Amino acid sequence: MLARSSCAMGPNDAVFSYAPVLWLTGLPGAGKTTLAHALATVLMARGFRAMVLGGDVLRQGLSRDLGFSARDRYENVRRVSEVAAILARTGQITVVALISPLATMRNQAREVIGERFRQVYVKAGLEVCEARDSKGLYRKARRGELPDFTGVSVHCEPPLNPDLVVDTGARTVNECVTQLRIFVEREFANIGTTRASARKLLRRQAV
Ligand SMILES: Nc1ncnc2c1ncn2[C@@H]1O[C@H](COP(=O)(O)OP(=O)(O)O)[C@@H](O)[C@H]1O
Ligand SMILES: [Mg+2]
């Protein structure tokens with residue numbers, strides 16, 4: 001009989017029930033990408049397995065055939081959700097950074113991903129995001145060079161009942177990352193069993 005390697009996991013392994021998908025939603029420039037990568041770095045430094053799915057990167061590959069119409073955004077959300085669900089099932093804490101401006105888009109993601117889905121509202125007002133304009137996209141949109149730009153020509157619905165709000169207009173990056181890390185540890189490392197053993201299940205060395 002083949003010995004089971006330390007990497008092998010079956011669907012009954014408890015780690016499958018714990019790895020979350022954090023779905024970061026918010027305006028362009030709110031801080032989704034910044035926080036997703038900083039959080040993944042902090043989690044990995046603590047021994048967790050974590051992965052970022054960033055809207056910009058995915059649009060260069062997986063979704064490069066899609067534009068920014070509502071129909072294409074729904075399709076983009078569907079693809080990202082499917083990938084996130086696969087990653088989370090392998091025990092990766094999966095952090096999605098995607099504008100996903102409408103509640104129905106985020107509900108679609110929740111349906112695909114299931115109970116491990118957590119919605120995080122990366123909150124910053126339009127004025128704050130526009131003042132940051134880290135990629136110069138608001139300027140372009142205001143000049144009419146970017147149709148379908150969220151916050152300017154596309155409506156953005158803030159989540160009504162997010163699982164977590166990180167207020168990047170009022171807090172530093174470090175403060176927001178700490179808030180996210182504590183949320184992950186509280187929500188997903190304390191379910192059903194003791195905190196210590198649940199944490200162990202999510203940590204790389206236990207997989
Ligand atoms: N608390 C904060 N959290 C995240 N980003 C912040 C924060 N405060 C200022 N920023 C800045 O805001 C910008 C956010 O850009 P980005 O992460 O690309 O946004 P998004 O991915 O939401 O479009 C970055 O330049 C970042 O340094
Ligand atoms: Mg981004």
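Let's start with a term: a residue is buried if 20 or more other C-beta atoms lie within 10 Å of its own, exposed if 12 or fewer, and partly exposed in between, with C-beta atoms placed from the backbone. What you're looking at is a predicted model, where local features need pLDDT of at least 70, side-chain atom pairs count only at pLDDT 80 or more, and totals for chains, interfaces and linings use all residues. Residues are numbered from 1 along each chain as its sequence is written, while chains are lettered from A and ligands numbered from 1 in the order in which they are written.

Now for Ser-100. It counts as buried because it has 30 C-beta neighbours inside 10 Å. You'll find Ser-100 in the loop between strand 3 (93–97) and helix 5 (103–113); helices (H or I, at least four residues) and strands (E, at least two) are DSSP runs, numbered from the N terminus. The UniProt record, an unreviewed entry, puts its "active site" annotation on Ser-100, though such annotations may be inferred rather than shown by experiment.

Zooming out, the protein chain has nine helices and five strands. Of its 207 residues, 36% are buried.

Then there's ligand 1. Its surroundings hold 17 residues, and the closest are Gly-31, Lys-32, Thr-33, Thr-34 and Thr-168; a residue is near a molecule if its C-beta atom, placed from the backbone, lies within 6 Å of it. Helix 2 (32–45) and helix 8 (173–188) each give at least two residues to this shell, and helix 2 provides the largest share, four residues.
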